[in-house]
Amino acid sequence: MNKNISIDLKFGKETKKLVVSQKNVIDILKMRNIPSSQNPHKMIKGKLRTPIGAKPLTKLLLQKNPQQIVIIVSDITRPGPFNLLLEALLEEINSVEIQFAIQIIIANGTHRKMTDQEKRFHYGDFVVDNYQVSNHDCRADDLVDMGEMKSGNRLLINRKVIEADFVITVGSINPHYFAGFSGGRKSILPGVSGYSTTRENHSNIIYKYARLGKLAGNKIHLEMSEAAHKVGVDFTLNMVLNRRKEIIDCVAGDIEKSFLKGIEEYKNYNSVQFSELADVIFTSTGGYPKDMSFYQSQRTLNNVIGMLKQGGTIVISTESGEGIGQDDMEKVLKSAKCVDDLFKVKKSEIQIGGHRAFATGKLLKKADILVLSNMPDKLVEDVHFTPIASFEKAVRFIKKKHGQNFRSYIIPNGTMLFPVKKVSHQ
């Protein structure tokens, strides 16, 4: 008698139950159960005082004696306890007996502005009540032109960042499907850059070097690093999270050296090994806030696609209460009569959102993607995905397509997954 595996996968702030026969499951792929730091405040303060490739933060502040400090912090699409990071950082800054003003700028990139409620959820009441926390606007009319980068791309940057005399970036390190990894230099480009700068950078998604976990030779990553150096980031602080989005560790100091160390830490803690390619992947984004929109949820698809056979099937649980969540992406996907149309756009014509549409085309050429969401069925169909009302109906679809003996992985948190193929020792 076949036993069933029953598992709750996150859906917004709730869950959806998946039941599948044990014989059909190769493995449930989860990041290891790494405990969080028992005293994150103390750990963060320790990192600020023993940074990588830089002097301790307080010594740098005394040396530069800034009048205007800007802290650039990730927006709500990057989950994690940013309140803990910011409170420890601000306490350390304020321990220095010099006169300065502090502004906190949200690295929205080209994302929408955060609401006051979201700021409080993401950064905590203490930060919002005591400091100016402003959204970056990538289309603001007062962006500063920093000149051309090596590629010829013009670097447009938030004026408050340029006018500050001490810049600190705060983020988290996770796999990124075309920049290699998020964190570090991404606080500047796309974080506080102009739309045209980010559009030109992201249009390089059409090249093979733009993929998950790849930094060497990745011109998207290299240009992001160049932008951070051009702006002149004085100090950076990035956290490494466990699968519950709790702080395991953090890295601080030089924006490049500490970022590379943080990637090593992420891989050591969070790499997930898989043994074979699957017919089917059942996955969730990990819930709110990563599945606020389908635009954000697509990161999960890009993380897991490499574990799937050509012609396979992915079933993704994503509430997507904001719909697609990116107008240009939705427009490009809807205008394509078939998937192949998504590859016909010229690099110079790829807009933000359109770059994600190009990535979507690569996904859909490999797999059927069934979407369990709160989006209208017609919207899901219009952007070339398959709406599904329940995991039960998804399993019926899969059995009809792949047969009774399909092989699958269950991935509860696809957004944070960094898959590594097991090396066969034969």
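A close look at one helix

Guide: The buried residues of helix α10 are Phe 294, Tyr 295, Gln 296, Ser 297, Gln 298, Arg 299, Thr 300, Leu 301, Asn 302, Asn 303 and Val 304. Here, buried means under 20% relative accessible area, exposed means over 50%, and partly exposed lies in between, with a 1.4 Å probe and protein chains only. Helices (H or I, at least four residues) and strands (E, at least two) are DSSP runs, numbered from the N terminus. Because 11 of the 11 residues of α10 (residues 294–304) are buried, this helix is largely enclosed by the rest of the structure.

The model is a predicted one, in which local features need pLDDT of at least 70 and side-chain atom pairs count only at pLDDT 80 or more, whereas totals for chains, interfaces and linings use all residues. Residues are numbered from 1 along each chain as its sequence is written, and side-chain values use heavy atoms, with hydrogens and water left out.

The loop between β15 (278–284) and α10 holds Pro 289. The peptide bond that leads from Tyr 288 into this proline is cis, with omega near 5°. A further cis peptide bond joins Leu 189 and Pro 190, with omega about 15°; Pro 190 is placed in the loop between β11 (180–182) and α7 (195–202).

An α-helix has 3.6 residues a turn, so residues three or four places apart point the same way.

Beyond its neighbours within four places in sequence, Glu 330 is in contact (heavy atoms within 4.5 Å) with Ile 324, Leu 379 and Val 383. Asn 413, by comparison, lies 83 residues from Glu 330 in sequence and 24 Å away in space, C-alpha to C-alpha.

Lys 245 has phi near 65° and is placed between β12 (235–241) and β13 (247–253); at 16% relative accessibility, Lys 245 counts as buried. His 384 has phi of about 80° and sits between α13 (377–382) and β18 (386–387). With 22% relative accessibility, His 384 counts as partly exposed.

Pro 175 belongs to strand β10 (residues 174–176) and is buried, with a relative accessible area of 8%. Not counting residues up to four places away in sequence, Pro 175 touches Gly 180, Phe 181, Ser 182, Leu 212, Tyr 266, Met 416, Leu 417 and Phe 418. Gln 132 is found in strand β6 (residues 132–135) and is partly exposed, at 42% relative accessible area. Under the same exclusion of residues up to four places away, Gln 132 touches Gln 103, Ile 104 and Lys 160. Between the C-alpha atoms of Gln 132 and Phe 406, which are 274 residues apart along the chain, the separation is 54 Å.

Taken whole, the chain has 14 helices and 20 strands. Its radius of gyration is 22 Å, close to the 22 Å that the globule rule gives for 426 residues, so the chain is as compact as a globular protein of that length; the radius is taken over C-alpha atoms, and the rule is 2.2 Å times the number of residues to the power 0.38. The C-alpha trace spans about 70 × 50 × 45 Å along its principal axes. Of the 426 residues, 59% count as buried. Among contacts between residues at least 6 apart in sequence, 77% join residues at least 24 apart. The accessible surface comes to about 18,100 Å², and 47% of that area belongs to carbon and sulfur atoms; areas come from the Shrake-Rupley method with a 1.4 Å probe, and for residues only the protein chains shown count as cover.
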